[in-house]
Amino acid sequence: MAAMINDTTNQDYDRLKEVKHFDDSKIGVKGLMDSGITSIPRFFIHPPETLSDLKPKSSTRRPDSESNGIPTIDMSGVEDSNRRSAIVDQVGRACREFGFFQVVNHRVPVEILDRTIGAIKGFHELPTEEKMRWYRREMGTGVSFLSNVDLFHSKAASWRDTLQMTLGPNLPELEEIPEICRNEMVDWNQYSKQLGELLMELLCEGLGLNAGKLKDMTFLEARTMAAHYYPYCPQPDLTVGIKSHTDPGVLTVLLQNHIGGLQVKHGEDWVDVKPVPGAIVINIGDIMQILSNDEYKSNEHRVLANGCQDPRISIAIFFNPLKRDSLFGPFQELISPEKPAVYGEFLYTDYMKRFFTKELDGKSLTNYYKL
């Protein structure tokens, strides 16, 4: 199979046929590497305009971006009112400038983080024949393993595999969750929900709103997980791990292992989000940018193809509203004659339909709803 889909000299190249063949094989990118390929299949090769942008535009870095790329915020003492006020200020600044930050001392035990990463790595490194049981593009059971959620929409595929899972309002039936990561997913679901609730309070307070406003809007209830595996890529300069995009929800909580590759757009540059031991990465989604009336920034980010022999592991949890038929727009408290609404109101169902029928890139969702 590897030879067949790796033939780039064929003048009658049929991309759709090759993509479908890859998808039907259910082996994923990890399976391609296990088959012994030394160059990537043609449908993974990105156009020159994407690849040229992977190189740094300048050698300069802003002073606040030098150490770890984005702000790292110490959450210890968040229950103390004076300390909490300082944390709210730091979170607010990070959301306004980067839309990204890392948190440490977040009350999630480090062993939980390590076990979660290890369990996801274990799933992706199962024999291909075992993983095939979960390979599907629909989420009817609440669990699916696949390569590239936008495989059939995108101009070029990205070098990663993903285990997707619905976490809220309810977990899938336990027997649907792969046994190798079942207990870890149950635990991580609880801890990440608690962290998500605290972060939503801080985001609201940073806008001068009631701390429980996002929770009252059911943003804590609908949660999905995307656990990505980025195997070694033999030609990392020809493809990407995930192309540049923004997240659609209100908030994303991301766990990553020691292999870097995540980058955030900052001005004209891409800033590395360097792994910090014991830290969790937080980023603002498009809905939060809209609700905040452009106070908070949903920033473009991407993951480079992995040139390391060790795999990159990342586990993202996306927080979305449970009330899907509700109207959303900027918070009324943030609209004034001096700062009129930047966005019109829209139905969340319409918003998500647009997200899933477009290629996973760019900022078109927030732009679409701008007044």
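Trainee: Which residues are exposed on the other side of helix H2?
Mentor: Exposed means over 50% relative accessible area, buried means under 20%, and partly exposed is in between (1.4 Å probe, protein chains only). Helices (H or I, at least four residues) and strands (E, at least two) are DSSP runs numbered from the N terminus. On that other side of H2, the exposed residues are Leu 16 and Lys 17.

Trainee: What model are we looking at?
Mentor: Residues are numbered from 1 along each chain as its sequence is written, and side-chain values use heavy atoms, leaving out hydrogens and water. Local features need pLDDT of at least 70, side-chain atom pairs count only at pLDDT 80 or more, and totals for chains, interfaces and linings use all residues, this being a predicted model.

Trainee: Why do the buried residues of H2 line one face of the helix?
Mentor: In H2 (residues 15–25), Glu 18, Val 19, Phe 22, Asp 23 and Ser 25 are buried. Seen down the helix axis they line one face, because the directions from the axis to their C-beta atoms fall within an arc of 160°.

Trainee: What is the average twist in the open sheet of 4 strands?
Mentor: Two strands pair if DSSP finds at least two bridges between them, and this antiparallel sheet has the order E6-E11-E8-E9. Strand E6 (240–245) and strand E9 (269–272) are at the edges, each pairing on one side only. With axes as lines fitted to C-alpha atoms (for helices, over the stretch in contact) and angles from 0 to 180 degrees between N-to-C directions, the twist from one strand to the next averages 30°.

Trainee: Over the ring of which residue does the charged end of Arg 302 sit?
Mentor: Arg 302 belongs to E11, where it is the bridge partner of Gln 263. A charge sits over a ring if NZ of Lys or CZ of Arg is within 6 Å of the ring centre and within 35 degrees of the ring normal. Lys 265 has its bridge partner in E9, namely Trp 270. At 4.0 Å from the ring centre, the charged end of Arg 302 sits over that residue, Trp 270.

Trainee: Which residue in the turn between E8 and E9 has a positive phi?
Mentor: E8 and E9 are antiparallel and share 4 bridges. They form a hairpin with 2 residues between them, and the one with a positive phi, about 65°, is Gly 267.

Trainee: Why is the pair of Tyr 135 and Phe 145 edge-to-face?
Mentor: Rings of Phe, Tyr and Trp (its six-membered ring) pair if their centres lie within 6.5 Å, counting as stacked with planes under 30 degrees apart, edge-to-face over 60 and tilted for the rest. The whole structure holds 14 aromatic pairs. In this one the centres are 5.3 Å apart, and the pair is edge-to-face because the planes stand at 90°.

Trainee: In E4, which residue is the bridge partner of Phe 145?
Mentor: Both Tyr 135 and Phe 145 are buried. Val 143 and Phe 145 point one way from E3, while Ser 144 and Leu 146 point the other way. E3 pairs with strand E4 (residues 161–166) in the antiparallel sense over 4 bridges. In E4, the bridge partner of Phe 145 is Leu 163.

Trainee: Which are the edge strands of the open sheet of 8 strands?
Mentor: The order is E1-E2-E10-E7-E12-E5-E4-E3, with mixed pairing. Each edge strand pairs on one side only, and the two are E1 (72–74) and E3.
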